[in-house]
Amino acid sequence: MTTPRPDAARDNSAPVPPRGCPAHGMGPEVRRLYGADAEAHPKELYEALRQEHGSVAPVLLHGDVPAWIVLGYQDNLEVMRTPSRFSRDSRRWSAWQEGLIPDDSPLVPMVGWQPLCVFADGAELLRLRSAVTDSLDQLNRHGVRRYIARYTRQLVSAFARKGEADLVRDYAEPLPMLVVSQVLGLAPEEGQALVAPALDLVKGSATAAASNELVTQALRELVDAKKKRPGRDLASELIAHPSALTDDEIIEHLRLILVAAHQGTVNLLAHTLRLVLTDPRFRGSLSGAQMTLPDALDQVLWDTPPIAAVPGRWATGDTRLGGQQIREGDMLLLCPAAGNADPEVRAAEAPMHGNRSHLAFSFGPHQCPGADIGRAIAETGIDTLLSLLPDVRLAVLESELSIEAAWLTQRPAALPVAFEPRQVDAGR
C-alpha cells in the first residue's frame with residue numbers, strides 16, 4: 001500500500017504512491033480519511049473518492065496508515081458476505097504485523113484484536129455469536145420498550161418546566177446509555193458515567209485508548225459482581241451461557257454491545273430528531289399517519305447511517321475488488337454512507353422510507369445482532385418524546401445547527417428546542 005512522504009503536510013492532500021504499491025498509477029493524491037476537513041465533509045470526500053477511483057479507493061488512516069475504503073453498494077455486500085476472502089480477524093493486518101500501529105494509536109480501540117465475535121470467522125464466530133444472540137433473545141422486548149418510555153419521561157421531566165432544551169445533550173446522548181445499562185445489568189448512575197468515554201473511544205481522539213480502558217474496567221467490575229449475584233440481564237446471561245465464555249470474552253462482548261448500541265443509537269436519534277424538527281413534510285407525514293416512525297427511521301438509515309464507515313475487513317489473499325488489486329493483509333473499511341448513496345442503486349435523494357435494504361446494520365455473518373434494540377430505542381423514544389412535547393420546535397434557524405464530526409461518525413452537535421413549559425410526571 002501507500003508509503004507517505006515524511007514531509008507530507010497534515011491536510012487532506014496526501015503522498016504519491018510508490019511503484020509497486022496497489023495505489024500507484026491511480027493519480028497523485030491518496031486522501032486522508034481523518035483530520036478536520038475529512039471529518040467535517042465526509043459525504044463530499046466519499047464522492048470525490050468515487051469520482052477519482054471508482055467503487056473502491058485507497059485512503060490513509062491515522063498516522064498515514066494505508067487502507068482501502070469500499071464505496072460501492074454491491075462491493076460492500078460482496079465484502080460483507082464473503083469471509084473467505086475478507087476476514088474479520090485484525091491479526092491478519094499487514095500494517096500490524098510490520099509494527100506500524102503503536103499501542104496508543106486511536107485505531108486500536110476499534111481494530112485491536114479482542115476475543116470478540118466481530119474479530120472471528122468460521123466455527124469461532126458461531127461459538128461467540130451464538131452466546132450473544134441467545135442472550136439477547138432472552139431479553140423481554142416489551143420490557144425493553146417500557147425502559148425506553150420510562151427513561152424518556154424521566155429525562156423530559158428534568159427540562160420540561162424550563163420550556164427549552166438541547167435534545168442532543170439532554171436526550172439523545174443519555175437515553176441510549178440508560179436503556180443499554182439496564183439491559184447489561186449496570187445501575188443507571190454507572191451507565192451515565194460511561195456516556196462521555198463511550199462516545200470518545202470511537203472518535204479516533206488522543207484520549208480514545210484511555211476512554212476504552214475506563215469502559216472496560218467498569219464492565220470487568222460488573223462481571224465480577226454478577227458472578228456473585230446474577231440477575232435477569234445480559235451480563236448474567238453471557239456468564240451462564242453453555243458456550244462457556246471466558247471472563248475476557250464476556251467483558252469484551254459487553255463492551256462491544258454497550259459502545260455500538262450507544263454510539264449508533266445516539267446518532268440515529270439525533271439525525272431523526274433533526275429531520276422531525278426541520279422538515280415540515282416529514283413531521284406532517286408522521287403526525288398524519290402517512291408514514292410510520294419505523295418507515296421514517298429507514299429513510300434516516302439510508303441517508304445518514306449511524307456509523308458512516310466501519311473498519312475493518314482484511315484480505316485473506318491477493319484479490320480484486322471494484323477494479324482494484326487488493327493484497328493479502330490489506331485493510332478494507334466498509335462504508336455504509338457511501339454505499340447507500342451509490343448512484344448504481346439509488347437516484348439522488350430518492351425516498352427510501354420503509355426500504356430496509358440499506359447497509360446501516362450490515363449483512364452476512366456479521367450482521368448487527370442488536371439492531372432491533374437500537375431501532376426500538378429510537379422508535380419508542382421519539383414517539384414518547386413527541387407525545388410529551390407535541391409543540392416542540394427548533395429554537396434556532398436550521399442554518400445555525402452545527403455538526404459534530406469524527407472519523408467514523410457525524411451527527412448534529414446540538415438541537416436547541418423550545419416548547420410551552422409544563423410539568424411532566426417522571427413516573428417510576
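I began with strand β3 (residues 65–70): six of its six residues are buried, so the strand is largely enclosed by the rest of the structure. I took buried to mean under 20% relative accessible area, with a 1.4 Å probe and protein chains only. Strands here are DSSP runs of E with at least two residues, helices are runs of H or I with at least four, and both are numbered from the N terminus.

I noted that the model is predicted, so that local features need pLDDT of at least 70 and side-chain atom pairs count only at pLDDT 80 or more, while totals for chains, interfaces and linings use all residues. Residues are numbered from 1 along each chain as its sequence is written, and side-chain values use heavy atoms, with hydrogens and water left out.

Strand β2 (residues 56–61) pairs with β3 in the antiparallel sense over six bridges, and Val-56 stands opposite Val-70. Their hairpin has three residues between the strands, and Gly-63 takes a positive phi near 80 degrees there. With strand β9 (residues 331–334), β3 pairs in the parallel sense over three bridges; Val-70 stands opposite Leu-334 in β9.

**Entry: a sheet of three strands**

I traced an open sheet of three strands in the order β5-β13-β10, with antiparallel pairing. β5 (164–166) and β10 (393–394) stand at the edges with a single partner strand each, so one side of each has no neighbour in the sheet. β5 and strand β13 (residues 416–418) share three bridges, and Ala-165 has Val-417 as its bridge partner in β13.

**Entry: helices α7 and α18**

I found that the axes of α7 (residues 141–159) and α18 (residues 371–388) come within 9 Å and cross at roughly 40 degrees. That makes α7 oblique to α18, since angles under 35 degrees count as roughly parallel, over 145 as roughly antiparallel, 65 to 115 as roughly perpendicular and the rest as oblique.

I listed the contacts, defined as heavy atoms within 4.5 Å. Residues of α7 including Arg-141, Ile-148 and Val-156 meet residues of α18, among them Asp-372, Ile-377 and Leu-388. The residues of this contact divide into seven nonpolar, four polar and five charged.

How values were computed: Axes are lines fitted to C-alpha atoms, for helices over the stretch in contact, and angles run from 0 to 180 degrees between N-to-C directions. Ala, Val, Leu, Ile, Met, Phe, Trp, Tyr, Cys and Pro count as nonpolar, Asp, Glu, Lys and Arg as charged, and the others, Gly among them, as polar. Buried means under 20% relative accessible area, exposed over 50%, partly exposed in between (1.4 Å probe, protein chains only). Two strands pair if DSSP finds at least two bridges between them.
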